[in-house]
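Visitor: I am new to this structure and would like a close look at a single part of it. Could you take me slowly through the place where two of the chains meet?

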Number of protein chains: 4
Amino acid sequence: MHGAMDDEVGPELQQLYDDFAANNMTPLWTQLGDLMPMVPTPEAIPFVWRWKALYDIAQRAGKLVPVGRGGERRAIALANPGLPGTAYATPTLWAAIQWLEGNETAPEHRHSQNAFRFVVEGEGVWTVVNGDPVAMRRGDFLLTAGYNFHGHHNDTDQPMAWIDGLDIPISKYLDVGFFEFGSERVTDEASPEISRSERLWAYPGLRPLSGLDNRVSSPIAAYRWEYTDKALSEQLKLEDEGHPATVSQGHAAIRYTNPTNGGDVLPTIRAEFHRFRAGARTEATHEVGSSVWQVFEGSGSVVLGDVEHKLETGDLFVVPSWVPWSLHADTDGLDLFRFSDAPIIERLHFNRTYLPGQK
Amino acid sequence: MHGAMDDEVGPELQQLYDDFAANNMTPLWTQLGDLMPMVPTPEAIPFVWRWKALYDIAQRAGKLVPVGRGGERRAIALANPGLPGTAYATPTLWAAIQWLEGNETAPEHRHSQNAFRFVVEGEGVWTVVNGDPVAMRRGDFLLTAGYNFHGHHNDTDQPMAWIDGLDIPISKYLDVGFFEFGSERVTDEASPEISRSERLWAYPGLRPLSGLDNRVSSPIAAYRWEYTDKALSEQLKLEDEGHPATVSQGHAAIRYTNPTNGGDVLPTIRAEFHRFRAGARTEATHEVGSSVWQVFEGSGSVVLGDVEHKLETGDLFVVPSWVPWSLHADTDGLDLFRFSDAPIIERLHFNRTYLPGQK
Amino acid sequence: MHGAMDDEVGPELQQLYDDFAANNMTPLWTQLGDLMPMVPTPEAIPFVWRWKALYDIAQRAGKLVPVGRGGERRAIALANPGLPGTAYATPTLWAAIQWLEGNETAPEHRHSQNAFRFVVEGEGVWTVVNGDPVAMRRGDFLLTAGYNFHGHHNDTDQPMAWIDGLDIPISKYLDVGFFEFGSERVTDEASPEISRSERLWAYPGLRPLSGLDNRVSSPIAAYRWEYTDKALSEQLKLEDEGHPATVSQGHAAIRYTNPTNGGDVLPTIRAEFHRFRAGARTEATHEVGSSVWQVFEGSGSVVLGDVEHKLETGDLFVVPSWVPWSLHADTDGLDLFRFSDAPIIERLHFNRTYLPGQK
Amino acid sequence: MHGAMDDEVGPELQQLYDDFAANNMTPLWTQLGDLMPMVPTPEAIPFVWRWKALYDIAQRAGKLVPVGRGGERRAIALANPGLPGTAYATPTLWAAIQWLEGNETAPEHRHSQNAFRFVVEGEGVWTVVNGDPVAMRRGDFLLTAGYNFHGHHNDTDQPMAWIDGLDIPISKYLDVGFFEFGSERVTDEASPEISRSERLWAYPGLRPLSGLDNRVSSPIAAYRWEYTDKALSEQLKLEDEGHPATVSQGHAAIRYTNPTNGGDVLPTIRAEFHRFRAGARTEATHEVGSSVWQVFEGSGSVVLGDVEHKLETGDLFVVPSWVPWSLHADTDGLDLFRFSDAPIIERLHFNRTYLPGQK
């Protein structure tokens with residue numbers, strides 16, 4: 001689409017344009033196509049980060065960069081090459097690898113931004129959320145909803161790395177962020193197998209009578225791998241037995257949900273886990289909104305736009321809005337964790353979109 | 001309160017009253033106090049049924065009354081003495097003991113009425129809900145939401161008894177019931193440890209991506225005792241450790257919920273499980289709406305209105321609307337299952353009530 | 001459907017049945033067909049009350065029966081012949097004609113029961129709701145949601161009659177009613193054209209910033225005839241102009257709604273107004289739940305079940321659950337007010353019903 | 001807040017930072033204070049645009065710039081000086097003056113972006129929304145929810161200007177926009193007093209039975225000045241009479257709402273109208289999220305941050321997130337239209353924020 005004004009500009013018109021600028025005004029017609037494109041035209045690009053590279057560089061940071069008050073976290077963000085000058089994976093989502101050396105502590109603080117952690121390998125760190133120590137282990141999905149105090153401490157001699165996901169970009173964009181420092185050390189250094197949050201909340205369909213109030217974020221601090229793994233295996237077994245259970249043939253998936261309302265775990269972030277049987281393949285999918293995936297286990301490939309990328313354990317990739325994606329599992333199957341800004345898109349009803357020409 | 005018309009009635013007025021009747025009209029003023037009392041004045045009365053008596057009589061029925069198409073179920077309802085001529089525990093709730101001899105089958109049917117089962121002792125029966133066999137074992141809470149085909153079959157040589165709860169009374173009152181016969185035998189005679197429904201849905205906070213649609217009733221067919229028991233023990237342990245978890249000192253409780261929305265398992269019935277430590281005691285409570293309790297384990301007493309009743313395993317009691325109740329656990333503690341019509345009361349906003357004279 | 005027990009009963013079985021009764025137990029199998037019928041089988045019957053008869057008898061009551069504290073209201077209820085011994089139009093709904101002589105006052109009180117008034121003719125009474133005087137005029141629909149103090153006073157020398165609708169029957173059934181006396185006289189005897197409630201709330205799509213809290217009932221005390229009439233005429237004009245606006249050809253209708261949520265005006269009662277063009281006719285309709293209609297203007301007929309009834313201004317008729325009904329407007333068209341228990345049915349999800357044999 | 005790395009950087013560390021960049025990674029600790037500030041630190045600045053300047057420049061554009069397919073609209077956006085290179089009033093909101101010469105037509109198109117128009121002076125243009133001609137007159141608030149075809153035509157010989165508000169910025173940010181061209185001329189050139197949408201929907205509390213489906217945006221195309229004006233005057237009169245009605249002393253306000261749910265008119269934009277009595281003054285208020293105000297009538301001043309600005313009819317000003325604002329009305333009172341991104345903030349639960357140090 002081109003504007004109405006692309007012909008030569010006479011002096012009177014030039015003066016008008018100058019006066020626009022002088023008066024802090026901008027005409028629509030010269031930039032309509034950029035502002036209101038026919039279909040989403042994200043600046044963020046599809047991109048793959050390799051786990052090996054991330055891990056190695058984080059390990060080096062572990063040796064060279066101290067962690068403590070001020071910098072707060074040894075977290076290194078995936079910076080989308082299409083969003084230069086930012087530390088953002090997508091316009092809305094922050095994804096980082098965080099590294100904690102043996103016996104280190106990341107001090108407590110709290111902020112409006114919502115956070116989760118996902119562990120692709122390792123263990124030994126407890127994240128302490130509002131004084132509740134939460135063990136972090138391989139395959140676990142852990143929550144720190146907005147404005148809960150939290151710190152991390154490594155209870156072992158070995159380093160540990162994991163993935164952080166936050167809504168930092170949209171919080172910054174919307175100018176909604178508040179931040180407060182807390183204790184230098186975690187407020188409870190115990191290292192229980194499971195958190196008090198889980199002891200109170202992590203039962204199928206059971207809600208404590210002391211917890212009947214509405215909660216915009218899930219009260220479950222940790223979604224343990226044993227349940228995720230079991231749920232996905234059972235979906236595939238049910239499929240084998242001839243019962244509806246999977247999303248599509250060979251594709252099992254769960255969404256992590258808030259047990260108080262059945263919806264997303266955080267107001268701004270959706271999190272899911274997908275398992276593909278060996279050889280399974282999805283159709284190319286367009287979605288409004290952006291997502292980040294991490295391979296948890298297995299191997300396969302993803303097609304992002306027109307480009308196919310091989311995938312191995314720990315690799316992360318980004319799917320910007322409306323970029324078609326499809327996945328393919330190799331002979332050992334493919335397990336992936338996924339998070340996205342779908343709650344934002346859906347709550348603002350921008351998922352009500354159409355291909356031009358369609359009703 | 002008395003009406004305006006309690007003086008002698010002259011002939012002209014008598015004619016008026018006769019004409020009311022002849023025209024199918026009824027004056028308000030003569031019956032206002034009955035129709036609109038100062039506080040709820042239920043006809044249902046507080047009452048206790050003893051498990052031993054229920055069990056014995058059900059056992060005799062097992063020998064004398066066949067089960068099959070037509071009568072459909074060998075279920076014997078608790079009939080509130082305050083509601084003569086009915087088979088209702090309270091105005092809204094049906095509670096019955098159901099008995100199945102060894103190797104018997106109760107044929108399949110479906111109906112608008114919502115049902116659950118609770119097992120205070122025994123095992124060996126599978127209830128088959130929409131073709132999904134669901135094992136019934138001690139402490140389990142099992143759902144058959146409205147208009148799902150269901151039958152029961154006893155896979156052992158021993159009889160089994162359990163409690164049925166339904167919204168038959170309010171369905172009859174509202175004239176909303178539909179009923180349809182199904183298969184004479186259960187459509188799947190397998191006897192798996194857990195149902196397909198549980199394999200798909202019964203994980204803490206995990207929702208299958210194939211099950212994102214809204215559901216007015218819970219998709220979990222069985223809430224297993226191991227989770228209920230664990231949840232309650234953990235609440236008491238957390239209390240011991242100094243953390244908020246219980247409803248009140250020594251009183252742990254969970255509500256069975258629909259994981260798709262965090263609300264009640266059925267649109268008309270709330271179900272909960274309460275555990276009291278030895279010696280724990282609740283304050284006298286008035287509630288709008290009615291409930292039925294069954295002792296699961298332990299001993300203690302309940303005060304209903306002014307009368308104290310000793311309680312033992314399996315005993316059932318009814319609390320009509322606004323009748324004050326309090327519970328007391330003996331030295332071995334007290335476990336109780338409870339169901340009520342609270343979802344009806346709350347959805348119609350009749351829980352917004354007040355003592356006269358209060359704001 | 002017949003039970004399993006209709007053969008001769010031997011002595012052992014007779015003893016069992018006697019023991020059921022002695023233990024306050026009732027077997028399901030002997031009454032299954034009554035409790036759980038194939039389709040709703042209401043005891044309430046379709047019935048028509050003639051306005052002329054109602055009005056005449058209310059007029060006589062105006063002369064013979066005082067109004068005041070104790071009896072509270074000179075209201076005469078439509079008593080469904082299928083529900084003998086009650087003063088109920090349907091199992092859930094109360095409908096009455098209320099009569100106030102010139103210069104009379106019905107004293108203030110409040111109760112949990114939700115009420116509305118509809119005026120088929122006349123004017124001159126102000127109902128005072130929480131101290132806000134609300135003029136009652138022909139065609140107006142007026143609300144008194146639960147637990148608001150209210151009284152009525154006739155500001156003229158002429159009597160006035162109107163229709164009251166309440167949820168007295170279901171409040172009695174559920175044992176949820178609270179009642180409190182208020183002032184002997186109305187607390188504000190002013191007679192403004194419109195109420196303060198309307199001045200604050202009755203604008204299309206505008207909500208006062210001082211009224212952003214959720215309200216389970218509509219804050220609009222009076223829905224004026226001028227708007228109802230206009231809305232219906234415009235629907236028919238839009239239909240004439242070829243635009244979608246009516247429910248079906250020649251059938252315009254509005255629902256009175258709560259502007260704070262777009263839903264029903266009261267938690268238990270739906271209210272609508274229907275206008276049929278001359279000659280318009282609806283198809284026979286089955287609905288779960290009961291309703292009461294009043295002819296406002298025009299003439300026509302209703303078929304209830306198999307019986308056709310002629311209709312004139314003011315006539316009221318009742319449609320019990322699942323009884324098929326259809327309307328037909330004579331040459332001068334037909335305007336009808338309707339109220340029903342649909343919010344109850346829908347909130348309890350009993351509208352999810354099916355004809356047997358259907359999915 | 002400063003990061004952990006602000007001391008001199010040795011060669012090994014420098015290499016690490018270089019490798020971060022080479023691998024599309026960015027450390028959190030060097031930019032934490034920018035990304036996660038203590039309180040919102042918007043780049044957008046508080047700013048006032050003068051109506052006279054806007055109008056004059058738009059008038060010149062009317063002479064120099066044609067309107068038609070390609071450029072689509074003669075709209076000139078308020079460009080926040082704190083957001084250089086954009087045409088955005090705030091990060092989320094677009095505000096523009098649109099100008100249509102006598103007898104001109106802006107062609108039809110549709111897009112995912114939600115739009116409204118507000119008219120501070122003039123009349124004569126009809127905006128045609130999905131074929132429904134909607135007159136635009138002084139004081140009217142008009143809606144074009146996402147993906148409705150719309151064009152404008154001036155039915156007079158005189159030019160007309162108005163304000164457009166859209167969610168273009170957040171649509172661009174989230175990459176959710178779809179756009180489609182429609183008819184070159186408006187599809188209905190009639191010039192009715194009110195639109196069909198109003199004839200169907202714009203009645204207090206009445207909902208057409210043909211419109212019971214949920215709608216994420218309001219179906220009312222035009223909120224007319226006569227109702228807004230009346231609602232605000234009545235609030236002030238009720239205040240004079242001693243009844244609660246206003247937001248605070250001398251401050252009347254309404255929110256434009258969606259009659260199908262009582263919520264905001266659009267999923268992303270809240271719109272309100274505020275009236276201040278002569279001399280009224282608000283306290284300084286901090287809000288999370290941004291808003292744009294336009295003076296409709298009267299005069300007064302606004303304090304934005306620390307700076308006071310005099311206000312006259314038509315002046316527009318922007319309040320970025322967390323910037324304190326207060327208003328003061330001069331002797332002739334002050335009427336203002338306001339729109340904001342509050343639905344976005346509230347739906348993502350970022351309104352749950354706190355001053356640091358508070359609970």
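**Where chain A meets chain D**

Guide: Across the interface of chain A and chain D, 22 residue pairs are in polar contact, counting those in which both residues have a pLDDT of 80 or more, a limit that applies here since this is a predicted model. On the side of chain A that touches chain D, helix α4 (residues 168-174) of chain A gives the most, with seven residues. Sorted by class, that side of chain A has 59 nonpolar, 24 polar and 16 charged residues.

Charged groups also meet across this boundary, where the count between chain A and chain D is two salt bridges; one of them joins A:R60 to D:D19, with the closest N and O atoms 2.7 Å apart.

As for the extent of the interface, 99 residues from chain A and 99 residues from chain D take part in the contact, and the area buried between the two chains is about 8600 Å², with carbon and sulfur atoms giving 69% of that area. Of the area that chain A buries against chain D, 9% is supplied by A:Y173, A:F178 and A:F350, which is more than any other three residues supply.

Conventions
Residues are numbered from 1 along each chain as its sequence is written. Chains are lettered from A and ligands numbered from 1 in the order in which they are written. This is a predicted model: local features need pLDDT of at least 70, side-chain atom pairs count only at pLDDT 80 or more; totals for chains, interfaces and linings use all residues. Side-chain values use heavy atoms; hydrogens and water are left out. Contact means heavy atoms within 4.5 Å. Buried area is the accessible area (1.4 Å probe) that two parts lose on being put together, summed over both. A salt bridge is a side-chain nitrogen of Lys or Arg within 4 Å of a carboxyl oxygen of Asp or Glu. A polar contact is a pair of N or O atoms within 3.5 Å; within protein, one must be able to donate a hydrogen and the other to accept it, and residues adjacent in sequence count only if both atoms are side-chain atoms. Helices (H or I, at least four residues) and strands (E, at least two) are DSSP runs, numbered from the N terminus. Ala, Val, Leu, Ile, Met, Phe, Trp, Tyr, Cys and Pro count as nonpolar, Asp, Glu, Lys and Arg as charged, and the others, Gly among them, as polar.
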